[in-house]
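Please read them with the structure open beside you.

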Amino acid sequence: MSSPSHALDAFTNTFTSDRKLFDSLMEQTCREDFVEMCVWYIWLQEYLHDIQNSLHDGGKSYGPNYQAWVVSMIGGAAQSIGMLMYLLTRGVVHEAAASGRRALEHLAMASHLVRDPAKGRFLNRDEVESLEFKKAFIIGADPRESKRLKDNGIKYRFAAMSGNIGKSSTQLYEIFSRFNIHGGTLSSLSGLALTPTAHSCAFHNRSVDEIAKNLPLFKPILEFTATELVDLVGNHGVRSERINQAGACVLVWLNRNDPRWLERLHVMRQSLGLGNLRPRVRPN
């Protein structure tokens, strides 16, 4: 007797199509971007709870409300990244963009809160929709400062992030917002095939070329998340052996020529069965 999943696949072609699409995607040049994404995602899975615990314990003096929000925002970023990976491998790019946008929002809010714990007073049920909340986390309290940031290519939402991550996150956020915001825009339809393709199922028409073109946009989200979280725990969390390990990985891997990063990529390729597969060159 066939299982319910086999029965569903028999008339929707959903699960079979997912596997064929991903195999085809891994024949494209974008596969190297996906391999890197997997390395960062496994890092996030490995150290997420350690990072949450570190910042939770480091914020003990700020009270349980602060601690709960820090843990929740970091968990929200990780959850959104997980959904991003899930949707992207199935070719649902416009919805993956929405998940990427949410991940950046969660990370940005955690950065504001950890670097300025006084903003925790705006995080309760009565305040989160207030103008004060928006000034603290989204638009800024000083219009001149917000304008200065805007002139430098940084939304106030991302102003608490370290280094150049705020500016890069702003750019990605604006790209993803074109695909999925307030019910969607025409851009959200640009990557959809109007007629069924070889990788379509009953729910979605998918173009491998469109997915391969857009996939590299998602890679920085995982790297930004790892870099920002390590900076937050390094300066505001409680240090532990696990936290030191997490930070060491990021510091090493940011050097793309480091043998340890190259070895990690090699292992991931092997794990995905890509060791002997040469990616096709995408035509101009």
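1. With a relative accessible area of 16%, serine 146 is buried, where buried means under 20% relative accessible area, exposed means over 50%, and partly exposed is what lies in between, computed with a 1.4 Å probe on protein chains only. Once its neighbours within four places in sequence are left aside, serine 146 is in contact with Ile139, Gly140 and Tyr156, contact meaning heavy atoms within 4.5 Å.

2. Before going further, please keep in mind that this is a predicted model, in which local features need pLDDT of at least 70 and side-chain atom pairs count only at pLDDT 80 or more, while totals for chains, interfaces and linings use all residues. Residues are numbered from 1 along each chain as its sequence is written, and side-chain values use heavy atoms, with hydrogens and water left out.

3. As for the chain as a whole, its secondary structure comes to 12 helices and 0 strands. Of its 284 residues, 47% count as buried, and the accessible surface comes to about 15000 Å², of which 53% belongs to carbon and sulfur atoms; these areas come from the Shrake-Rupley method with a 1.4 Å probe, and for residues only the protein chains shown count as cover. Among contacts between residues at least 6 apart in sequence, 69% join residues at least 24 apart.

4. How do helix 4 and helix 5 pack? Their angle is about 160° and their axes are 8 Å apart, the axes being lines fitted to C-alpha atoms, for helices over the stretch in contact, with angles running from 0 to 180 degrees between N-to-C directions. Helix 4 and helix 5 are therefore roughly antiparallel to each other, given that angles over 145 degrees count as roughly antiparallel, those under 35 as roughly parallel, 65 to 115 as roughly perpendicular and the rest as oblique. Helix 4 passes helix 5 in a left-handed crossing, a term used if the near helix is turned anticlockwise from the far one by less than a right angle, whereas clockwise would be right-handed. The residues of this contact divide into 19 nonpolar, 5 polar and 2 charged; Ala, Val, Leu, Ile, Met, Phe, Trp, Tyr, Cys and Pro count as nonpolar, Asp, Glu, Lys and Arg as charged, and the others, Gly among them, as polar.

5. Helix 4 (residues 64-88) also packs with helix 10, at an angle of about 160° and with the axes 11 Å apart, and that makes helix 4 roughly antiparallel to helix 10. The contact is made by Ile74, Ile81, Leu84 and Met85 of helix 4 and by Ile221, Leu222, Thr225 and Leu229 of helix 10. By class, this contact of helix 4 with helix 10 has 7 nonpolar, 1 polar and no charged residues.

6. Isoleucine 74 has its place in helix 4 and is buried, with a relative accessible area of 3%. Beyond its neighbours within four places in sequence, isoleucine 74 is in contact with Leu48, Ile51, Gln52, Leu55, Ala110 and Leu229.

7. Helix 5 (residues 93-115) and helix 10 (residues 219-236) pack at an angle of about 15°, with their axes 11 Å apart, and are therefore roughly parallel to each other. On the side of helix 5 the contact includes Gly100, Ala103 and Leu104, and on the side of helix 10 it includes Ile221, Phe224 and Thr225. The residues of the contact of helix 5 with helix 10 divide into 8 nonpolar, 4 polar and 3 charged.

8. Two loop residues deserve a look. Asparagine 13, in the loop between helix 1 (4-12) and helix 2 (14-25), has a phi near 65°, a positive value in a residue other than glycine, and is partly exposed, with a relative accessible area of 33%. Histidine 199, in the loop between helix 8 (165-179) and helix 9 (208-214), counts as buried at 15% relative accessibility. Histidine 199 and leucine 21 are 178 residues apart in sequence and 5.6 Å apart in space, C-alpha to C-alpha.

How values were computed: Helices (H or I, at least four residues) and strands (E, at least two) are DSSP runs, numbered from the N terminus.
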